[in-house]
Amino acid sequence: MSEQQPPQLQQVSDQLQVVKQQAIEHLQACQSIDEVHQIRVRYLGKKGALSDILRGLGSLSSQDRPAAGKQANEVLQQIQGHIQQRLQAMKQELQQQNLQRQIDISLPGRMLPRGHEHPIVQTQEDILQCLRRCGFDVVQGPEVEHDFLNFTALNMPPGHPARQMQDTFYLSDDVVLRTHTSPVQIRVLSALKNRQQPRVQIASPGRVYRRDDDATHSPVFHQVEGLCVGPDVTFAQLKGLLAQLAQQLFTPSTRMRTRSSYFPFTEPSVEVDVSCPRCSGDACSVCKGTGWLELMGAGMVDPAVFETVGIDSETTCGFAFGMGVERVAMLRHGVTDIRLFYSNDIEFLQQF
Ligand code: FA5
């Protein structure tokens, strides 16, 4: 049996028990650490329930006041203890949840999206790969070129009508953005000047520039140039090489044909066609019913080019060819608008 208390003290004691009970119930119902802090303020704060009771202790007799103060202090400590316990339990629960979330070693790793080479780079690399296997070394030339190397040394002196075949970006009177990769031929041949029986076999890839802009012509595009020079290089070798190249770039059944053409730096000159990869030569809308698609220009190096760079054209001959990389990529993948390659459209690029 608890000791009988004076009536006023008993009243305070009852109030303290009610406040404690309510605080415990509220703490149990709390769902978050924030809510626990709100309960602390509500019961133990300056304007809280316990402070209300403490303020009323002044009206007690001086005999009862110490006992009431002691009881209030005990209730304060008990509520604080419950708050600590509740916070502790909540923190442990959170840690447990976080651990479960962090260390599920059975989950698959998060895959980062993977990029790949641009279709133009892929095609250029396939062309070079094929040429490397045939013994060609890869040589690069500058994109800003002397008018002399881009035109004059290739048998197109100023005023030559063939210059108009390639609408040119002039940077100054005698400096241009190269319109084709053929000036690399001149740079390579000039280095062989005065050599007895010069031999060289190079492939030169790179960007070229023309004032062109429509669905099949871009102002900036890529070419791969091939040059093979020696004492006994023949047109038959050129045809054999290009037939092999066409079969490797398209399908093993791809056929090749040459049509007579004109380039100032080759003689004879040809346009090289391949059987349409879409219809295998049967005629379709891609080849406009002809069964053939134009692939590149080629020919035997014109003796005038050898003479310009100081190589004896009586004892040296060679062949050269030049193809548009975009054109090859369009034929391989059935792309009808060249601008798609430069549009940075991720859905288009993801197809390759
Ligand atoms: C030339 O540029 C010659 N230098 C190629 C050559 C080299 C012939 C060596 C003989 C010996 P042509 O202007 O035809 O030739 O261009 C070659 C290829 O570049 C064309 O077949 C075409 O596929 C591509 N081409 C030309 N203009 C553009 C353009 N604006 N956009 C995309 N591709 C183009």
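In this predicted model, the side chain of His180 places an N or O atom 3.0 Å from a nitrogen atom of the ligand, a polar contact being a pair of N or O atoms within 3.5 Å (within protein, one must be able to donate a hydrogen and the other to accept it, and residues adjacent in sequence count only if both atoms are side-chain atoms). Asp212 likewise has a side-chain N or O atom 3.0 Å from a nitrogen atom of the ligand, while a polar side-chain atom of Arg210 lies 2.9 Å from a ligand oxygen atom. On its own the ligand has 670 Å² of accessible area, and the protein covers 92% of it (Shrake-Rupley method with a 1.4 Å probe; for residues, only the protein chains shown count as cover). Around the ligand are 24 residues, of which His180, Ser182, Arg210, Asp212 and Ser218 come nearest; a residue counts here if one of its heavy atoms lies within 4 Å of the molecule.

Local features need pLDDT of at least 70 and side-chain atom pairs count only at pLDDT 80 or more, whereas totals for chains, interfaces and linings use all residues. Residues are numbered from 1 along each chain as its sequence is written, and side-chain values use heavy atoms, with hydrogens and water left out.

A pocket is an open set of points on a 1 Å grid over the protein atoms alone, where a 1.4 Å probe fits, with protein on both sides within 12 Å along at least five of seven lines; lining residues have an atom within 4 Å of a point. Grid points are joined across faces, edges and corners, and the volume is the space filled by probe spheres set on the points. The largest pocket is lined by 37 residues, with Arg210, Phe221, Gln223, Glu294 and Gly324 closest to its centre. Two or more lining residues come from each of strand 6 (220-230), strand 8 (266-275), strand 9 (292-301), strand 10 (317-324) and helix 10 (325-333), where helices (H or I, at least four residues) and strands (E, at least two) are DSSP runs numbered from the N terminus. Strand 9 gives the most, six residues. The lining comprises 16 nonpolar, 14 polar and seven charged residues (Ala, Val, Leu, Ile, Met, Phe, Trp, Tyr, Cys and Pro are nonpolar, Asp, Glu, Lys and Arg charged, and the others, Gly among them, polar).

The second largest pocket, of about 440 Å³, has 18 lining residues, and Val286, Leu293, Leu331, Val335 and Thr336 lie nearest its centre. Here helix 10 gives the most, with five residues. Nine of the lining residues are nonpolar, five polar and four charged.

Some backbone details are also worth a look. Asn194, a residue other than glycine, has a positive phi near 65° and sits in the loop between helix 7 (183-190) and strand 5 (200-209).
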